[in-house]
Amino acid sequence: MKLYEITGDFSDLYDRFNDIDAWEPDTDEDGRPIDENGEVIENVTAYKEAMFEAWFDTLEGIEELFEDKAVNIAVYIKNLRSEAEQLKAEKLKLEKRQSAKNKLADRLEKYLFDSMQKVKRTQIDRPQAKIRIKQNPESTVIENEQEFIKWAECNDRDDLLKYEQPSVKKAVVKALLKKKEEIPFAHLERKTVLEIK
């Protein structure tokens, strides 16, 4: 049985509680109280108490089943989180190895470049690798970015600058909202979350 099915059973069971609470027995032609099978009920109060007792027994069983299912899911979630952490740690190790390999490749590339320039070779063509020293397209170099920005602003050259979108300082807004300050388009919200330990 799935957890959502058990949840549905809870809902049905609570509806049944209301039915038991409002239950009044039918009567036979002699006016005696009878159950749904037409059997005479000797003690209506004891009969209703037995119905409530059966209801509580069912509730107990469903609660236990629900808890078992919920705990199984929680354990599975913990396992998934643990695996995710292990994968994250493995990813960090792989990223470090990747970075080390790239740094080594960069050093060797510079060594090879310098060596080819020293011996005045611009090209080597072999089946295993083709090596060529070539001129890349021109790229823009800004020697001093702060000074360049000042110059552009003073000389009305905003066309050379890129301005970032402003962003909200949420910590400051939160502090003001906690002090009951009215701020349009902002409010405090507390979310309900599931905690598994």
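The model is predicted, so local features need pLDDT of at least 70, side-chain atom pairs count only at pLDDT 80 or more, and totals for chains, interfaces and linings use all residues. Residues are numbered from 1 along each chain as its sequence is written, and side-chain values use heavy atoms, without hydrogens and water.

Start with the fold. The protein chain has four helices and four strands. Both are DSSP runs numbered from the N terminus: helices are H or I with at least four residues, strands are E with at least two. Along the sequence their pattern is α-β-β-α-β-β-α-α. The chain's radius of gyration is 38 Å, well over the 16 Å that the globule rule gives for 197 residues, so the chain is more spread out than a compact globule. That radius is taken over C-alpha atoms, and the rule is 2.2 Å times the number of residues to the power 0.38. Along the principal axes, the C-alpha atoms fill a box of roughly 120 × 60 × 30 Å. Of the 197 residues, 10% count as buried. Buried means under 20% relative accessible area, exposed over 50%, partly exposed in between (1.4 Å probe, protein chains only).

Now the second largest pocket. A pocket is an open set of points on a 1 Å grid over the protein atoms alone, where a 1.4 Å probe fits, with protein on both sides within 12 Å along at least five of seven lines; lining residues have an atom within 4 Å of a point. Its volume is about 200 Å³, the space filled by probe spheres set on the points, which are joined across faces, edges and corners. Helix 2 (44-118) and strand 4 (130-132) each supply at least two lining residues. Helix 2 gives the most, with four. Among the lining residues are F113, M116 and I131.

The largest pocket has a volume of about 290 Å³. Its lining includes V168, K174, H187 and R190.

Last, the rings. The whole structure holds one aromatic pair. F148 and W151 form this tilted pair, 5.9 Å centre to centre with 45° between the planes. Rings of Phe, Tyr and Trp (its six-membered ring) pair if their centres lie within 6.5 Å; planes under 30 degrees apart are stacked, over 60 edge-to-face, the rest tilted. The two residues are three apart in helix 3 (residues 145-154), so about one helical turn separates them. F148 is partly exposed at 28% relative accessibility. W151 is also partly exposed, at 42%.
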